[in-house]
Structure formats: structure tokens, C-alpha cells
Amino acid sequence: MTTCGGSCGTYAMYSLEANMMERSCTCCREVSTTKKKVEMICPDGSKFNHSYIHINKCGCQRTECVTPEATQVTRSRRRRR
């Protein structure tokens, strides 16, 4: 496996008790990786070694929820500079 992808339980809902939006944000990402080494063989018969990061396991990780309003403010500030 060399990629992670999928659906994680991200949501936003209004809380009557808190009188505000409650958000839970997660993203799919690698949980466990190892460095792998392979020997590559070219069409001309020459060989070389190559290493890469192999994903062993993917999972959902909590992340900061960014509201559309906060994103818009950040973009507006960037344009003014």
C-alpha cells in the first residue's frame, strides 16, 4: 500500500445546550510506515537500488476544524499584502 484514502467521521452540528456549532474533524492519514528498498531493472539490463516509504496502516486522526469564515479572512489578508 502506498496511499491512504477513505472517509473519516467529520461532522458539524448545532448544540442547543452550548448555543454554538460543535465540530469534529478528522483526516485519513498514515499510521504506520516502513522504509523499503527495491532493486530496479532497466530495459537495457542495468540495475539500481531505490528506496521509498511504504504505508503499512492508515487511520483517522483528529485535526483542527477550519470554518469557511476563518478561511475567507485568511485569504482576504493575503490579498492586501
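**Figure 1. The left-handed disulfide of cysteine 4 and cysteine 58 in the predicted model.** The torsion about the S-S bond of cysteine 4 and cysteine 58 is about -90°, so this disulfide is left-handed. The link joins distant parts of the chain, with cysteine 4 in the segment before strand 1 (11–15) and cysteine 58 in strand 4, 54 residues apart. The S to S distance of cysteine 4 and cysteine 58 is 2.0 Å. Cysteine 4 has a relative accessible area of 27% and is therefore partly exposed. Cysteine 58 is likewise partly exposed, at 24%.

**Figure 2. The disulfide between cysteine 8 and cysteine 60.** The sulfur atoms of cysteine 8 and cysteine 60 are joined at an S to S distance of 2.1 Å. Distant parts of the chain are linked by the pair: cysteine 8 belongs to the segment before strand 1 and cysteine 60 to strand 4, 52 residues apart. A torsion of about -90° about the S-S bond makes the disulfide of cysteine 8 and cysteine 60 left-handed. Cysteine 8 counts as buried because its relative accessibility is 15%, under the limit of 20%.

**Figure 3. The right-handed link of cysteine 25 and cysteine 65.** The sulfur atoms of cysteine 25 and cysteine 65 lie 1.7 Å apart and form a disulfide. Cysteine 25 is in the loop between strand 2 (20–24) and strand 3 (26–41), and cysteine 65 is in the loop between strand 4 and helix 1, so the pair ties together parts that are 40 residues apart in sequence. The angle about the S-S bond of cysteine 25 and cysteine 65 is 120°. Cysteine 25 counts as buried, at 14% relative accessibility, whereas cysteine 65 is partly exposed, with a relative accessible area of 22%.

**Figure 4. The surroundings of cysteine 65.** The loop that holds cysteine 65 runs between strand 4 (47–62) and helix 1 (68–80). When residues up to four places away in sequence are not counted, cysteine 65 touches Arg23, Ser24 and Cys25. The C-alpha atoms of cysteine 65 and threonine 26 are separated by 8.4 Å, although these residues are 39 residues apart along the chain.

Figure 5. A disulfide is a covalent bond between the sulfur atoms of two cysteines. The structure holds three disulfides. A disulfide requires sulfur atoms within 2.5 Å. Cysteine 28 counts as partly exposed, at 27% relative accessibility.

**Figure 6. The salt bridge of arginine 29 and glutamate 30.** Side chains of opposite charge can pair when their charged atoms come close. A search of the whole structure finds one salt bridge. In this bridge the side chains of arginine 29 and glutamate 30 meet, with an N to O distance of 3.2 Å. Arginine 29 is partly exposed, with a relative accessible area of 34%. Glutamate 30 is partly exposed as well, at 35%.

Conventions. Residues are numbered from 1 along each chain as its sequence is written. This is a predicted model: local features need pLDDT of at least 70, side-chain atom pairs count only at pLDDT 80 or more; totals for chains, interfaces and linings use all residues. Side-chain values use heavy atoms; hydrogens and water are left out. Helices (H or I, at least four residues) and strands (E, at least two) are DSSP runs, numbered from the N terminus. Buried means under 20% relative accessible area, exposed over 50%, partly exposed in between (1.4 Å probe, protein chains only). Contact means heavy atoms within 4.5 Å. A salt bridge is a side-chain nitrogen of Lys or Arg within 4 Å of a carboxyl oxygen of Asp or Glu.
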